[in-house]
Amino acid sequence: MDFYGFYTGKIFDAYRFLGAHVEPIEGVTFRTFAPGAAKISLIGEFTDWKEWTMNRVHDGNFWECYAREAKPGQMYKYRIYKQDGSFMDHCDPYGFGMELRPNSASIIRDLSVYSFQDEKWMKKRTDFREKPLNIYELHFGSFRKPSEEADDWYSYTEMADILIPYLKEYGYNYIEIMPLSEHPCDESWGYQNTGFFSPTSRYGTALELMEFIDSCHQNEIGVIMDFVPVHFAVDGYALANYDGTALFEYPHQDVGVSEWGSCNFMHSRGETRCFLQSAANYWLTEYHADGIRMDAISRIIYWQGEPARGVNNTAVDFIREMNRGLKERHPSAILAAEDSTSYPGVTKPVSEGGLGFDYKWDMGWMNDTLDYFRTAPEYRSEHYHKLTFSMMYYYNDRYLLPLSHDETVHGKATILQKMSGDYEDKFPQARAFYMYMYAHPGKKLNFMGNEIGQLREWDEKKEQDWFLLKYPNHDSFHRFMKDLNTLYLTHPALSALDYEQKGFTWLDCHQEARCIYAFERTDEKERIAAVFNFSDKEQEDFELTVPGGKELAVLLASDRDVYGGVKFYDEKTVLKLRKEKAVLRLSPYSAVYYLIST
């Protein structure tokens, strides 16, 4: 390893040097970076948990030990002595595996023994900028469960057989998995890490995760890993005060502790930068992940995430340089930012002064749209332009439209529950809402359970309420979501020009009193008109002008009887335009996509 590069934050593969590495013939070499330690001993199954002294090497800040007796699958820890003579047993910051909580030993893993069979996928993979990207976000342990026991989970291998057929049938071409790096607390959902290089042992081994991702690729499904570059768990056996000093975190409490009570990474340190960017590169390289979604980027841009505190310039420089390095190494991988700020240039290339993300979550669109649908229909006219405002800023960045896990927990209610009115009224509104989302420019992300009209807030200890599908309203809604997803994937007009102004045109955005909206999407070959009535009243004689249009053929209608709606649509339903105008009759809470013929 280039040690100067390590200290100056230039290394993207520090995990190839640090950690536990299985040697070609026999034995394992262990290395750790701990400049503040007085002494370090290696303990593990192969030492009978007795101390083996590690040696200071290189410039004295690194420690190393070769263990001939060590083998893959065995547990180990570093016993790190502080200058005052006390010690703490730590897991390996660069370890490739860990025990299931509450145990905390690292586990030796040989990553070289798995051979991926996804060459075809990797060769044609893109960042989907001009393609439909329909992401199904999931928490691995609560999509489905073998039993009602909170800590009974399907393995990575078993989940491949369960999840992949579902994704293929229901029209999702990517998944985003909530953090799989090891974490001690189930309730943190993986966002408070102790093992940034260790796939959580809840669901199996590193090789089993590789196999899962490989299987996804062979079935044309991409995999985005959720990654936490801002903070880490406070547990004493992990990164906190690793060598007896604040090695990874800030030494001062005013900026050292996050709003979640965890330790903030000190991004000005080159060693910390190398740790994080090596972890991100590790998932993309060793596991063939297709992208990284980075959590809480606002906390990197601004001190403690508060614009009033000012920009954290060293952290911004870190994220910019990490993204630059990741895109150089993985040009077709997706880098997505969860960021709710108005900081400019989040998705601009680093070469143009931006942060270098491919996509930014459109939190403004999400909040405004959900607020609109929470509003009782009699008041929606007053809030009409909540649904037009997104296109005022949309082209400032490349946005992704998220309906994530955060919108289904902590008293916020699920997406279906957010719809105004009683149980029966929620379904037609949710269908129209989703058609608005899928016609709106921007890639799509939907959290598991939303597609079946989940009514209960998400709980990581329970599987999704699949029993709801025996009820007609939920079964019809599920069928509707399947058809909407499939249409989105097969009609380029809805995605090819997401980030070009010529891909979107308002046809009517001034029907405040009637709560009607209409716009056109195109890829310059196909034209689709999307028409919405978000009022609770039937709207008769709505005159829609479609420039250059001669006919409108129904592609998808949310009020079809097969979806639980009130209308029967013949598959050949066509409206002829007179002087580029059509007169429409719109059901309450309805949406229709029309294919425009010219």
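How many aromatic pairs does a search of the whole structure find?

## The model and its aromatic pairs

A search of the whole structure finds 78 aromatic pairs, where rings of Phe, Tyr and Trp (its six-membered ring) pair if their centres lie within 6.5 Å, and where planes under 30 degrees apart count as stacked, over 60 as edge-to-face and the rest as tilted. The structure is a predicted model, in which local features need pLDDT of at least 70 and side-chain atom pairs count only at pLDDT 80 or more, while totals for chains, interfaces and linings use all residues. Residues are numbered from 1 along each chain as its sequence is written, and side-chain values use heavy atoms, with hydrogens and water left out.

One of the pairs joins phenylalanine 33 and phenylalanine 62, which is tilted because the ring centres are 5.0 Å apart and the planes stand at 50 degrees. The pair links distant parts of the chain, since phenylalanine 33 lies in strand β2 (residues 28-33) and phenylalanine 62 in strand β6 (residues 62-67), 29 residues apart; helices (H or I, at least four residues) and strands (E, at least two) are DSSP runs, numbered from the N terminus. Phenylalanine 33 counts as buried at 8% relative accessibility, and phenylalanine 62 is buried with a relative accessible area of 1%, where buried means under 20% relative accessible area, exposed over 50%, and partly exposed in between (1.4 Å probe, protein chains only).

Phenylalanine 265 and phenylalanine 275 form another tilted aromatic pair, with 6.1 Å from centre to centre and 40 degrees between the planes. Phenylalanine 265 is in the loop between β16 (263-264) and α6 (270-286), and phenylalanine 275 is in helix α6.

## Salt bridges

The count comes to 41 salt bridges, each being a side-chain nitrogen of Lys or Arg within 4 Å of a carboxyl oxygen of Asp or Glu. In one of them, the side chains of aspartate 290 and arginine 125 meet at 3.0 Å, N to O, and this pair links parts of the chain that are 165 residues apart, with aspartate 290 in the loop between α6 and β17 (291-294) and arginine 125 in the loop between α2 (119-124) and β10 (134-138). Aspartate 290 counts as buried at 0% relative accessibility, and arginine 125 counts as buried at 9%.

Lysine 576 forms a salt bridge with glutamate 551, their closest N and O atoms being 2.5 Å apart, and it connects strand β27 (residues 574-576), which holds lysine 576, with strand β26 (residues 551-557), which holds glutamate 551. Here lysine 576 is exposed, with a relative accessible area of 63%, whereas glutamate 551 counts as partly exposed at 26%. Elsewhere, salt bridges that share partners join Glu176, Asp226, Arg293, Asp295 and Glu338 into one network.

## Cysteines

How many disulfides are counted? The count comes to zero disulfides, a disulfide being a pair of cysteine sulfur atoms within 2.5 Å. The sulfur of cysteine 65 is 18 Å from the closest cysteine sulfur, in cysteine 91, and is therefore too far away for a bond. Cysteine 185 is likewise in no disulfide, as the nearest cysteine sulfur, that of cysteine 263, is 15 Å away. Cysteine 65 counts as buried at 8% relative accessibility, while cysteine 185 counts as partly exposed at 36%.
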